[in-house]
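The following account leads the reader through a structure, from the contacts between its chains to selected details within them. Please keep the sequence and the model in view while reading.

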Amino acid sequence: MRTVIFRTVAPYLTSLMVLFSIFVLLRGHNEPGGGFIGGLIAASAFAIYGIACGVAPVRRAIYFHPMAISAFGLFLSAIAGMISLPLSVPFMTGNWMKLYFFGVELDLSSVLIFDIGVYFVVVGAITSIALALEERDRD
Amino acid sequence: MEPLFALLVGALFAVSIYLFLSKHIIRVLMGVAILGNAVNLLIFTNGRLLREVPPVIPVDEATLQQAAANPLPQALILTAIVISFSFFAFLLVLGYRAFQELETDDTDEMRVAEPVDEEAPPLGY
Amino acid sequence: MAAPDGMTIIALGLPFIAALVAPALVRRLGHNAVWALALFPLFVFVRFLEFLPEIAGGEAVTGGFQWAPSYNVSFSWFLDGLSLTFALLISAIGTLIVFYTGGYLKGHAQLGRFYSFIFLFMGSMLGLVVSDSFLMLFVYWELTSITSFLLIGFDHGREASRRAALQALIVTGLGGLSLMAGLLVTWNITGVTQLSLLVGLGEEVRASPFYLMALILLLGGAFTKSAQFPFHFWLPNAMEAPTPVSAYLHSATMVKAGVYLVMRMNPAFGDTVAWETILPVFGGATLLIGSLLAIRQTDLKLMLAYTTVSSLGLMVMMTGFGSEHAAAAGVLYLVAHSMFKGALFMLAGNIDHESGTRDITRLGGLRKLMPISFLAAMAAALSMGGLPPFFGFLSKEEIYYGLWHMDAWSVLFVLVAIVGNGLMFVIGFAIAIKPFLGKEVETPKHAHEAPFLMWIGPATLATGGFLAAVLSPLFHRFVSSPMVSAVTGRPEEITISLLPHIGMPLLLSLITIVFAVLVYLKLDAARAAIAATLAAIGWGPDRGFDQFISGTVRLSRRVTKFVQPGQLDIYMTATFAAVAITLIAPMVIFDELPALPVWPADAEIHELAVILIAFIGLGAVISAKDRLTAIVSLGIQGFAVALIFMLFGAPDLSFTQFMVETLSVVILALVMTRLRLSPADHRPTGQKIVDATVSIACGAGFMLYLLSVTEVPFRSYLSDFFIAYSKTIAHGANIVNVIIVDFRGTDTLGEIAVVMVTGLAILSLIRVRPGWKPGMLAENDPDAPRQEKK
């Protein structure tokens, strides 16, 4: 698997896939996509990088421990649910806020935060699994 | 279309259960992977089939105007796919570790929890 | 329902608070904590004392609050003569027991724990007797069983203690279940869940076809708790507990819970042939057997325990006898018994504590060494023997007065009562006289008078028995009469005093005493005779209990061996065979098999191709001979499913499925290359046929199920809801994503938590130190022998 071509292409492929995953995540509310799919794409990207170049560069590249990313995602999702708390509406009620940046309308919502949390959980957990198994493969 | 799907779902279930019943963990694990597909397709078909139109509301409409695929089973299945994958990974690693420790992939020989010659429980108080 | 009275709630909760603080207090103050701890039950006692005038006026005090109104369940209590007397006994004797424990277990390492249990019990018992709602009654009833278990097993280092504790728990716990069933049946008959409302519904209860069933179930609870024959055996064994427990739980209070229940049920359930047969017969049998077995014992505590059994039998017999005077006798005897038996138990503990033995044949001449104990013992024994001027005399006169009618049935029970009372008389005086009088005997310890904390209890109770008799008009007005009224369900007046009825009761008393004196003089011979008889029988419920327990253990082992043979494929086969049967059998039995499907005319060629690919993948998985084929064909069927999702309007699913299948194949390949496992099938052909049958049956079941589901018209109101509100409320055009993150967001939160936890689990599984073998202990195993720190 560690052919020269693969190793050369892998970093570009990975960065492209991660970018694409973010794109899929953000458009998820109105087009096919979302946190689960985005997370899986990004996790596959890291898995590919790991297979091509070894696990250590991946760990260096993502800097945080994958499980920490996953835990952060869960935390984010729970917080998104609790935004409704001070507004006296039931847990997980979606809240919306419209922002205007230079004339462009931007929808910010607790739902988006929740979806980002889902993304992080999936990225973290599945990257962690894949990297752990790849590591075993080489020791 | 539904009868064909029913046949496929039945075949998925039959194959996965046939793999479950073999005594080798690796075959059991492949059965787990197929079982996820079987259940997902079962739920999918329960919500009825409709070709090619995803349940996405067009930009200038408030609700769906034309017939589209049923969104509810899709939402249920989407999370189910991810969860069944993470469980598949867990079982895979569990089987892998069990093989490492017990040096067998035959479930008949995995008797740590229920040894063959288990002692009778004590009769005192 | 009256508003909850704060003070009473406090009084009911106070023992539990005491249970919480007792260990800390004892750790700080040692056995001197007794002075602080005694204040808790004392306060409860005073609090309940304040209710006396109101209750004596014929009123009942109620209170509580709604708990689950939809089920007609409330946390409600009520006080009438019966519950108030019990509450007073529990708190008063409880105070004395707290004192006594301070002396008896002085310096014991677990004194705090002991106090905690005692207070827990006190709170449960108080709750039991003031409960109005059935549910509360049951909960407190079980709590007393559990605290009794804890207290009997207090000295859990000894096997005898553990056995006795377990035995008591099993017998009274089973009785508790019976009680619950009885209460449910009663609820079903009457529609009320409150004891106070039950009194007025006696006619309805007695006329119901379920009357006998309810009665037997309730008595199952009462008889086990109050150690009626043939469930009496647990009570003597419970003497393994420290003496304060025997005095408090197993003579004065807890064992009377069954008698309490019988008395409580009397207005509603009494006055029928069944009631007036079952109760006297079982009570009378218990009275006779208990007193005969008591004679045989030489251990002070066991003698007392068996007489407690017979006293409980006497109370049940009197309650069920049917006349007002019999009920009154039961009530008077109950009060008298609590006082004299509590006192005698504590005195037996004193003798044991000071002299080092409880064997009556090895004791003698302690009178000069332990004068206060001797006086208290004499007073208690006089009360127990039914001699004036003590309260026991009143109760015994009333017993004979209530029993004596000129028919064969009454004469029979008079005889039973004479024998029982006579033998209890013997035991009472044997305990009061034998250890104290006569010439001094060498005892294991040099005896001297017990400390103040240990004699104050018995002395108070003995004095109480005297005062209650002397001041009987006052005592009857405030305690006995309201209590009897509660038992019979109509206002009653008790008049008996120390002035004896001239006539039959007095004569019967005299006969009893003469009989008792004769037995006392021949005590050793009588003991030997009973011991010989029992040896000839050779089997009793106590041995039966052992056989029952070991039989249960053996049976459960056999059953476990059968249902858990330890082979995965057997479990799987059983599970999936059950699944197949559940799916197919109902359709066949109710003739709901789906119609034969027709070939879908609208199927397009690329769809058929994809489905065919899925089939090919499945076939290849099964027949794969090597790793690569297996992995690739697994991937093929997965990608085929992903394509199917794509074709049928589910792009989200399709993407997800593609990613997941890719990752699955990758990690499967990673693991399989490591493992060098062969995926090929090694099963013998016969096994293959069985497995194939089961799996094909399962597959066919799911297929049939899906066919019949898709036959019926689809009701889309749920999906319609999401379609209608996805954009208007949740501002999202992709309905699938909106359902996941918004409509069912909480669900998704749980699911991502699961994903994260599996990630953690996998990580920790991989990190487990390799080389572990079965039987080896993990590094952080708490059972591992502790290693010296370097």
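**Chain interfaces and local geometry**

Between chain B and chain A, zero residue pairs are in polar contact (both at pLDDT 80 or more), a polar contact being a pair of N or O atoms within 3.5 Å, where within protein one must be able to donate a hydrogen and the other to accept it, and residues adjacent in sequence count only if both atoms are side-chain atoms. The side of chain B that touches chain A comprises seven nonpolar residues, two polar and one charged; here Ala, Val, Leu, Ile, Met, Phe, Trp, Tyr, Cys and Pro count as nonpolar, Asp, Glu, Lys and Arg as charged, and the others, Gly among them, as polar. The model is predicted: local features need pLDDT of at least 70, side-chain atom pairs count only at pLDDT 80 or more, and totals for chains, interfaces and linings use all residues. Residues are numbered from 1 along each chain as its sequence is written, chains are lettered from A and ligands numbered from 1 in the order in which they are written, and side-chain values use heavy atoms, with hydrogens and water left out.

The interface of chain B and chain A also has zero salt bridges, a salt bridge being a side-chain nitrogen of Lys or Arg within 4 Å of a carboxyl oxygen of Asp or Glu. Ten residues from chain B and nine residues from chain A take part in the contact, which is defined by heavy atoms within 4.5 Å. About 850 Å² is buried between these two chains, and carbon and sulfur atoms give 84% of that area. Buried area is the accessible area (1.4 Å probe) that two parts lose on being put together, summed over both.

For chain C and chain B, the buried area is about 9800 Å², with 73% from carbon and sulfur atoms. On the chain C side, C:Phe648, C:Leu706 and C:Leu765 lose the most area to chain B, together 7% of what that side buries. The contact joins 120 residues of chain C to 97 residues of chain B. Which side chains form the one salt bridge between chain C and chain B? They are those of B:Lys23 and C:Asp569, at 3.3 Å from N to O. The side of chain C that touches chain B has 73 nonpolar, 24 polar and 23 charged residues.

Chain A itself has five helices and two strands, arranged along the sequence as α-α-α-α-β-β-α. Helices (H or I, at least four residues) and strands (E, at least two) are DSSP runs, numbered from the N terminus. Of its 139 residues, 50% count as buried; buried means under 20% relative accessible area, exposed over 50%, and partly exposed in between (1.4 Å probe, protein chains only). Among contacts in chain A with a separation of 6 or more, 65% involve residues 24 or more positions apart.

Most residues other than glycine have a negative phi, and most peptide bonds are trans. A:Tyr63, although not a glycine, has a positive phi of about 65 degrees. A:Tyr63 lies in the loop between helix H3 (55–62) and helix H4 (66–82) of chain A and is exposed, with a relative accessible area of 68%. C:Ala227 likewise has a positive phi, about 55 degrees, but C:Ala227 is buried, at 0% relative accessibility. The loop between H11 and H12 of chain C holds C:Ala227 and also C:Pro230, whose peptide bond from C:Phe229 is cis, with omega near 5 degrees.

Helix H18 of chain C, residues 371–385, has 15 residues; at 1.5 Å a residue it should span 21 Å, and its end C-alpha atoms are 21 Å apart, which agrees. The expected span is 1.5 Å times one less than the number of residues. The buried residues of H18(C) include C:Phe374, C:Ala380 and C:Met384. In chain C, the buried residues of H18 pack against helix H16 (300–321), helix H17 (324–355), helix H19 (391–403), helix H20 (408–433) and helix H21 (452–470). After H18(C) comes C:Gly386, with a positive phi near 75 degrees. In the loop between H18 and H19 of chain C lies C:Pro389, joined to C:Pro388 by a cis peptide bond with omega about 0 degrees.
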